[in-house]
Amino acid sequence: MAGGERGTGLRERKKRETRERIANAAMELFVERGFDRTTVAEVAVAADVSVKTVFNYFPAKEDLFFDRDEEVERLWLDAVRDRAPGEPPLAGLRRRVLARNGDRPTGPGVAFRRVMMGSLHLQARGQQMWTRHETAIAQGLAELWGLPEGDPTALVVAHQVLSLHPLALRLTEEWAAAGMPAQEIDARVRRLIDRGFDLIESGLAATG
């Protein structure tokens, strides 16, 4: 590898590490204090960078929270295509939702939801992000299934699939607050998600 290529690779790796360090520091503060009560200046101090550096990587404060937006959408689109011959039409999406809800009651998914529910700014931004992901998934499904333009089937399915994730997180919080053991919560979440996909796939089969 030429020296210039090595230098470029090193710079890119350092940029990724800096971005990740800033995002991790921000999330720790958001969990501890709440999003609205945390300033960008405090994030900069926690990440040992300047405020300018924070904004170089994250143009808006909300971007610190939704730092994996593009990656998450790419994973959803990969899941749309993740289907072996003979598998149900939503097999990859089922695996994706099960994986997203695989953490314990104190896991990152639950903490993420708690922070978001504590901020109207994050809820508004999250809804915009979720709508984009829903549209992207619907477009991927429509292309995969060869649906004609204007057919709402893929959009309805995408909406139903995405709704399972926040439902599982909300119930996880409720069950944990009631003192339910983590193993039982995990089992219930899996049953919930599997049942949701069974219903969606049976509806698809019924429509032909």
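The second largest pocket of this predicted model has a volume of about 200 Å³. Its lining consists of R19, Y57, F58, P59, D63, F66, D67, R68, D69, E70, E71 and R125. By class, that lining splits into 4 nonpolar, no polar and 8 charged residues. Helix α5 gives the most to it, with 3 residues.

Now turn to the largest pocket. Its volume is about 1200 Å³. The lining holds 39 residues, and F66, R100, F112, M129 and H165 lie nearest the centre. The largest share, 8 residues, is supplied by α8. In terms of class, this lining has 17 nonpolar, 10 polar and 12 charged residues.

Step back to the whole chain. The protein has 10 helices and 0 strands. Read from the N terminus, the order of elements is α-α-α-α-α-α-α-α-α-α. The C-alpha trace spans about 55 × 55 × 30 Å along its principal axes. Of the 208 residues, 38% count as buried. Contacts also reach along the sequence. Among those between residues at least 6 apart, 67% join residues at least 24 apart.

Start the walk through the helices with α2, residues 40-47. Here V40, V43, A44 and A47 are buried. Why do these four belong together? They cover an arc of only 100 degrees around the axis, so they sit on the same side of α2. The spacing fits a general rule. An α-helix has 3.6 residues a turn, so residues three or four places apart point the same way.

Just after α2 comes D48. This residue lies in the loop between α2 and α3 (51-57). D48 has a positive phi of about 60 degrees, although it is not a glycine. For context, most residues other than glycine have a negative phi. Is D48 buried or exposed? With a relative accessible area of 69%, D48 is exposed, because the cut-off for that class is over 50%.

Helix α6, residues 91-100, is mostly covered. How many of its 10 residues are buried? The count is 8. They are A91, G92, L93, R94, R96, V97, L98 and R100. R100 is also one of the residues that lie nearest the centre of the largest pocket. What covers the buried residues of α6? The cover includes α5 (69-81), α8 (120-145), α9 (153-177) and α10 (182-207).

Leaving aside residues up to four places away in sequence, R94 touches D194, F197, D198 and E201. R94 and I193 are 99 residues apart along the chain, yet their C-alpha atoms are separated by 7.7 Å.

Next, look at α7 and α8. Their axes come within 6 Å and cross at roughly 115 degrees. On the α7 side, the contact is made by V115, M116 and M117. On the α8 side, L122, Q123 and G126 take part. These residues divide into 4 nonpolar, 2 polar and no charged.

The last stop is S202, in helix α10. Is S202 buried or partly exposed? Its relative accessible area is 41%, so S202 is partly exposed. S202 and E173 are 29 residues apart along the chain. Their C-alpha atoms are separated by 29 Å.

Methods
Residues are numbered from 1 along each chain as its sequence is written. This is a predicted model: local features need pLDDT of at least 70, side-chain atom pairs count only at pLDDT 80 or more; totals for chains, interfaces and linings use all residues. Side-chain values use heavy atoms; hydrogens and water are left out. Buried means under 20% relative accessible area, exposed over 50%, partly exposed in between (1.4 Å probe, protein chains only). Helices (H or I, at least four residues) and strands (E, at least two) are DSSP runs, numbered from the N terminus. The arc is that of the directions from the helix axis to the C-beta atoms. Contact means heavy atoms within 4.5 Å. On a 1 Å grid over the protein atoms alone, a cavity is a set of points where a 1.4 Å probe fits but cannot get out, and a pocket is an open set with protein on both sides within 12 Å along at least five of seven lines; lining residues have an atom within 4 Å of a point. Grid points are joined across faces, edges and corners, and a volume is the space filled by probe spheres set on the points. Ala, Val, Leu, Ile, Met, Phe, Trp, Tyr, Cys and Pro count as nonpolar, Asp, Glu, Lys and Arg as charged, and the others, Gly among them, as polar. Axes are lines fitted to C-alpha atoms, for helices over the stretch in contact, and angles run from 0 to 180 degrees between N-to-C directions.
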